[in-house]
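Take a look at the chain below. Keep it in view while you read this short report.

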Amino acid sequence: MRQRHGGPRGAGRHRRPAAPGRRRRLTTACVGAAVAGALVAGGALATDVLREDGPRPRPPRASSGTAVGAFLGSDSAGVRRIAGLQKWLGGTRLRVGHTYLPGDRWVNIEGRPGFLRPWAQWRRAEADRLFVLNVPMQERNEENVPDHEVRRLLARGAGGEFDHHFRTLAGRLVSLGVPDTVIVLGWEMNGTTYTHRCAPDPKAWKAYWRRIVTAMRSVPGQEFRFDFAPSRGRDAIGWTECYPGDDVVDIIGMDSYDQPPGETFDDQVNQPYGLRHQVEFAAARGKPVSYPEWGLFRRGDNPQYVRRMLEWIEEQKPLYHTISDYCPHGVWRCAEHPRSSAVFRSALRPGPGGPPRPGRPEYCLDLEDWLGAWFGGRRLCVTLSSREGGR
């Protein structure tokens, strides 16, 4: 069964479609620029063109202490996009770099230095940044491995057979200068998709988690924090049945997308194993919460969901949150969600928030990665206002 919400699944699941030729991309960009120019010449006044290069940002609002970020790609391109998203937000500082180790083979779960190095360099550049790394617990993690085989693999893991892979990963993170990495281990374990799922044998799953944490903490110099992050709701099993113990969990996260179960945001909060259950479960154990994955999904462009999720985050003060910023979930790199994008941008921009002024439509053109790098972002946006009345 395919993943219900199509969230980030390691490097392999994030390959972009084959890009068209350079000539076609250049033609598209030129046509878009010509259209924008025609709109200006035809009786409308363009303002905030390439708003990333607009007025200097005001001083940031007082921070709640929550570190903000986005998943922008698994490889080094994800690191490079952080600066573009910051500029699109008007200078808001993103403190979280978030990526996923590929779950295809153990050699990749061990963390190839070439894959980890750009993220480690980004993390080390500023002292208060967070590097968040999703780590699969099994290879062939998305290959629809049947339950009976998952049970055998969990038993082998609980017996210590795979400990050395995680010691290798821990050693590489320490040697790269990121010993304080937040490890989102075996995420969405309450689901039906991953080979690291819990439901086939919860007892073995919990024992295996404990072995992994013990193996990684055995490496000298480590300061890892381990994030237990189920998906919202019950799914295949109530996620509390998979909880491995307070001594081996540092953060209680939750992945939550705009999709059932839960027809409204209030449903998503109050449903069994929902958002409220998460924060109460964490509070009872003295643990911070996090939201490693959240975003749009089944209901398309839904600004009310984005607004309510950001209000929930502000109220709960999680350690960090990272929106999944690619289609169908995102708000910056996904032009399909203009209303949600406006809400997110308004809420996260420095200075007082607020909705965009009415009567000022915005048109955006996706510049592709290669041209977007020239402008500090992938999207060229033109906001239009009428000349009538001297406005």
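## Helices α7 and α8

In this predicted model, helix α7 (residues 163-175) packs against α8 at an angle of about 40 degrees. Their axes are 8 Å apart.

Which residues make the contact between α7 and α8? On the α7 side they are D163, F166, R167, L169 and A170. On the α8 side they are Y208, R211, I212, A215 and M216.

## Helices α6 and α8

Helix α8 also meets helix α6 (residues 147-158). The axes of α6 and α8 come within 8 Å and cross at roughly 40 degrees. That angle makes α6 oblique to α8. Is this crossing left-handed or right-handed? The crossing of α6 and α8 is left-handed.

From α6, the contact uses L154, A155, G157 and A158. From α8, it uses A204, W205, A207, Y208 and R211. Look back at the α7 contact: Y208 and R211 of α8 take part there too.

## Helices α3 and α5

Now move to another pair. Helix α3 (residues 76-88) and helix α5 (residues 113-124) have axes that come within 8 Å. They cross at roughly 30 degrees. Angles under 35 degrees count as roughly parallel, so that term describes α3 and α5.

S76, G78, V79 and I82 of α3 make this contact with P118, W119 and W122 of α5.

## The nonpolar cores

How many residues are in the largest nonpolar core? It has 78. The residues with the most contacts inside it are F166, L185, W209, Y291, W294 and F344. Helix α8 (residues 202-217) gives the largest share of this core, with seven residues.

Take L185 as an example. Setting aside neighbours within four places in sequence, L185 is in contact with V135, M137, F166, W209, I212, V213, F226 and D227. A second, separate core has 14 residues. Among them are F71, Y100, L130 and V132.

## The chain as a whole

The chain has 13 helices and twelve strands. Of its 391 residues, 52% are buried. Its accessible surface comes to about 17,000 Å². Carbon and sulfur atoms account for 52% of that surface.

D255 sits in the loop between β7 (251-253) and β8 (256-257). Is D255 buried or exposed? Its relative accessible area is 2%. Buried means under 20%, so D255 is buried. D255 and P292 are 37 residues apart in sequence, yet their C-alpha atoms are 6.1 Å apart. Leaving out residues up to four places away in sequence, D255 touches W187, E188, A229, P230, S231, R232, P292 and E293.

E223 lies in the loop between α8 and β6 (225-228). E223 and A170 are 53 residues apart along the chain, and 9.9 Å separates their C-alpha atoms. Not counting residues up to four places away in sequence, E223 touches P179 and D180.

## Backbone details in loops

Two peptide bonds deserve a look. The bond from P260 to P261 is cis, with omega near 0 degrees. P261 is in the loop between β8 and α9 (265-270). The bond from C327 to P328 is also cis, with omega near 10 degrees. P328 belongs to the loop between β10 (320-324) and α12 (338-348).

Next come two phi angles. R140 is a residue other than glycine with a positive phi, near 50 degrees. Its loop lies between β4 (130-135) and α6. R140 has 24% relative accessibility, so it counts as partly exposed. K317, also not glycine, has a positive phi near 55 degrees. K317 lies in the loop between α11 (303-316) and β10. With a relative accessible area of 42%, K317 is partly exposed.

How values were computed
Residues numbered from 1 in each chain as written. Predicted model: local features only at pLDDT ≥ 70, side-chain atom pairs only at ≥ 80, totals over all residues. Heavy atoms only, no water. Core = buried A, V, L, I, M, F, W, Y, C linked by side-chain atoms within 4.5 Å. Buried < 20%, exposed > 50% of the residue type's maximum accessible area, 1.4 Å probe, protein only. Helix = DSSP H or I, 4+ residues; strand = E, 2+ residues; numbered from the N terminus. Contact = heavy atoms within 4.5 Å. Areas by Shrake-Rupley, 256 points an atom, 1.4 Å probe, with all protein chains shown as cover. Axes fitted to C-alpha atoms, helices over the stretch in contact; angles between N-to-C directions. Parallel < 35°, antiparallel > 145°, perpendicular 65-115°, else oblique. Left-handed = near helix turned anticlockwise from the far one by under 90°.
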